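Here is a short briefing for a first look. Take the structure in view, then read through the points by topic.

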Amino acid sequence: MPMIDIGPIELYYEIRGTGPKLLYISGTGGDLRRRPGIFDSPLADQFEILAYDQRGLGQSSRPDTEYSMADYAADANALMCALGWEASDVFGVSFGGMVAQELAIRYPEKISKLVLACTSSGGEGGSSYPLHELQDLDEDIRLEENIKINDLRITDNWIKENPNEWKKIKELSLSRIQYKPQQDGLMNQLLARKDHDTSDRLSQIEIPVLLQGGKYDGIAPPRNMKYLRGNIKCSTLKLYEGGHLFLIQDKQAFKDIISWLK
């Protein structure tokens with residue numbers, strides 16, 4: 001099992017593929033054992049991808065302390081250093097996009113190009129939906145709320161009019177949760193997410209940045225992505241037909257990442 005000691009914790013990681021180096025930083029509750037994952041995406045045939053379970057999640061260490069976004073950025077930097085990756089392109093999705101912002105601000109030398117998908121700066125730029133507030137809900141209700149927040153087209157009226165489609169969406173969502181995160185590690189991640197704020201430091205990011213968002217995303221809404229575009233110098237914003245899962249919903253999204261990075 002590919003574990004690496006980065007000092008205070010051990011991280012589980014995988015490297016697959018050939019081509020330009022690409023560090024992938026996953027979203028809330030990410031676990032490399034889940035399928036489909038980044039190695040099942042169109043990027044897998046184009047890049048040498050380094051992906052890992054972040055602290056508190058998957059097969060990585062779960063320290064019994066408070067986590068901060070600075071900790072997560074330091075973990076990513078330490079992992080790259082330990083593996084001899086002096087610099088690479090970076091792709092951060094949702095929570096991973098928040099980590100990637102901190103990484104770009106604190107360790108700018110580590111990133112050549114940056115892709116930030118369905119994420120937020122926090123602060124004046126707007127925060128992503130407070131998922132920590134859903135943790136005390138009944139499991140089935142929490143699943144339903146997450147689905148509706150993921151894609152704002154799924155309203156109560158839509159559900160009433162499309163019961164069979166709603167059932168399929170719920171079944172598909174459940175099938176993606178093969179490995180449930182430990183609640184202590186997940187809550188520590190959610191609380192770090194709650195306090196995330198790079199809004200007044202985005203001008204420090206000077207590398208090229210591709211921003212991608214879903215038009216119907218209720219977790220990281222388009223207005224948050226537009227704030228990032230307005231405050232990161234060398235950035236381009238593209239919005240896609242989908243919600244928080246637009247990378248799955250709109251095939252053009254991965255094509256744009258590949259063409260932009262190459």
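The buried residues of helix α6 pack against α1 and α2. This is a predicted model.

**Helix α6**
- Helix α6 covers residues 183–194, twelve residues in total.
- From first C-alpha to last, α6 reaches 16 Å. That is close to the 16 Å expected at 1.5 Å a residue.
- Which residues of α6 are buried? They are Gly185, Leu186, Asn188, Gln189, Leu190, Ala192 and Arg193.
- In general, an α-helix has 3.6 residues a turn, so residues three or four places apart point the same way.

**Helices α1 and α2**
- Helix α1 spans residues 69–82, and helix α2 spans residues 95–106.
- Their axes come within 8 Å and cross at roughly 75°. Angles of 65 to 115 degrees count as roughly perpendicular, so α1 is roughly perpendicular to α2.
- On the α1 side, the contact involves Met69, Ala70, Tyr72, Ala73, Ala76 and Asn77. They meet Phe95, Met98, Val99, Glu102, Leu103 and Arg106 in α2.
- The residues of this α1–α2 contact divide into nine nonpolar, one polar and two charged.

**Helices α3 and α5**
- How do the axes of α3 and α5 cross, and within what distance do they come? Helix α3 (residues 139–150) and helix α5 (residues 163–175) have axes that come within 11 Å and cross at roughly 105°.
- That angle makes α3 roughly perpendicular to α5.
- From α3, the contact takes in Asp140, Leu143, Glu144, Ile147 and Lys148. Their partners in α5 are Trp166, Ile169, Lys170, Ser173 and Leu174.
- Five residues of the α3–α5 contact are nonpolar, one is polar and four are charged.

**Strand β4 and its partners**
- Is strand β4 largely enclosed or open? Four of the five residues of β4 (residues 48–52) are buried, so the strand is largely enclosed by the rest of the structure.
- Strand β2 (residues 10–16) pairs with β4 in the antiparallel sense, over four bridges.
- Strand β3 (residues 21–25) runs parallel to β4, and four bridges join the two.
- Leucine 50 in β4 stands opposite isoleucine 15. Leucine 50 also stands opposite leucine 23.
- In a regular strand, side chains alternate between the two faces of the sheet.

Definitions and conventions:
Residues numbered from 1 in each chain as written. Predicted model: local features only at pLDDT ≥ 70, side-chain atom pairs only at ≥ 80, totals over all residues. Heavy atoms only, no water. Axes fitted to C-alpha atoms, helices over the stretch in contact; angles between N-to-C directions. Parallel < 35°, antiparallel > 145°, perpendicular 65-115°, else oblique. Contact = heavy atoms within 4.5 Å. Nonpolar A, V, L, I, M, F, W, Y, C, P; charged D, E, K, R; others polar. Buried < 20%, exposed > 50% of the residue type's maximum accessible area, 1.4 Å probe, protein only. Pairing = 2+ DSSP bridges. Expected span 1.5 Å × (residues − 1).
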